[in-house]
Structure formats: structure tokens, C-alpha cells
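Dear colleague,

My notes on what was found in it come after the structure itself.

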Amino acid sequence: MGGVVETRPKSDLDDPDDGAIARALGPHWRLKFTVLVAAALVATLLLIWLAKRGVSWYRSRKRAPQPQPQLPPPPPPPPPMCTVCLDDVEQGKECAVTLPCGHPYHRHCIARVVDNDPRCPVCRASVSPADIV
Ligand SMILES: [Zn+2]
Ligand SMILES: [Zn+2]
């Protein structure tokens, strides 16, 4: 016979840390250790996901208050036009007159019109000679 080879527990050779973990976790330490590692993995993945989500949320939040593309400024209103001669009426000029209805004319144009028909050619509001003096 003889040749009895003393075999040491394999775990002592494989990983010396196993002993410390086993002592810390008690019986079924492998199961507990596996659960701990799995939990840590899940927690890490969750943190990564949260970080990515947080960054995208932050970016979207940062992007949100950016001003909308500037709309082109509205075109300036067309200059008032005398509908009698279809020419522009330069406001402030001696010949410019605006009827009580708000329509602009050249004084000589509207005077000629109201001689025949004392009404605004556009809206037919009555025009008194005093309005175009
Ligand atoms: Zn005119
Ligand atoms: Zn009018």
C-alpha cells in the first residue's frame, strides 16, 4: 500500500480569497456570492443606462429652449396707393389726403371723383367736400 498522497482541499489552492469570502458570507457562500455579483452587474448596467438616459435627457433639455428658427420679418406694408390713378400716395405731401374711411388719395384725384359722386371709390363711404380740402 503506501503512497497515500495527502490531498489538500482544492479551493485553498485555486483561490486563496475563497476562504475570506466563505468566512464572510457563511454557509452557501457560493450562492450568495453569485447573487452579489449578479446584483452588482445589474446595478452597474442600471447605472450605465441611467447615465446614458440622463445625458440624453440633459441634451434634450438643453436643446429645448433653443429659439425656433427665426421667421423672416413680415414684409413692410405696401405704400398707400391712390386707387384713382393707381400711383403711390406719399403721406405728408401736400397732395396726399386720407378720407375719413381711411383710404388715401391724391387731393386732385379724389376731388375730380367726388365732383361726380361724393363717395369713396373703394368703400362707397360718403365724402364731404370738407374732407378733401
Ligand atoms: Zn391719384
Ligand atoms: Zn374708403
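The notes below go from the chain as a whole to one annotated stretch and then to two individual residues.

Please keep in mind throughout that this is a predicted model. The protein chain contains 4 helices and 4 strands, and when it is read along the sequence these elements follow the pattern α-α-α-β-β-β-β-α. Of its 133 residues, 9% are buried, and among the contacts with a separation of 6 or more, 26% are accounted for by residues 24 or more positions apart.

An unreviewed UniProt entry lists residues 33–51 as "transmembrane region".

Two residues deserve a look at their backbone angles. Most residues other than glycine have a negative phi. L86, however, has a positive phi, near 60 degrees, and this residue lies in the loop that runs between β1 (81–82) and β2 (87–88). L86 is exposed, because 8 other C-beta atoms lie within 10 Å, and a residue counts as exposed at 12 or fewer.

R124 also has a positive phi, in this case near 65 degrees, and its place is in the segment after α4 (107–116). With 10 other C-beta atoms within 10 Å, R124 is likewise exposed.

Methods. Residues numbered from 1 in each chain as written. Chains lettered and ligands numbered in written order. Predicted model: local features only at pLDDT ≥ 70, side-chain atom pairs only at ≥ 80, totals over all residues. Helix = DSSP H or I, 4+ residues; strand = E, 2+ residues; numbered from the N terminus. Buried ≥ 20, exposed ≤ 12 C-beta atoms within 10 Å, placed from the backbone. UniProt positions renumbered as here; feature names shortened; annotations may be inferred. Contact = placed C-beta atoms within 7 Å.
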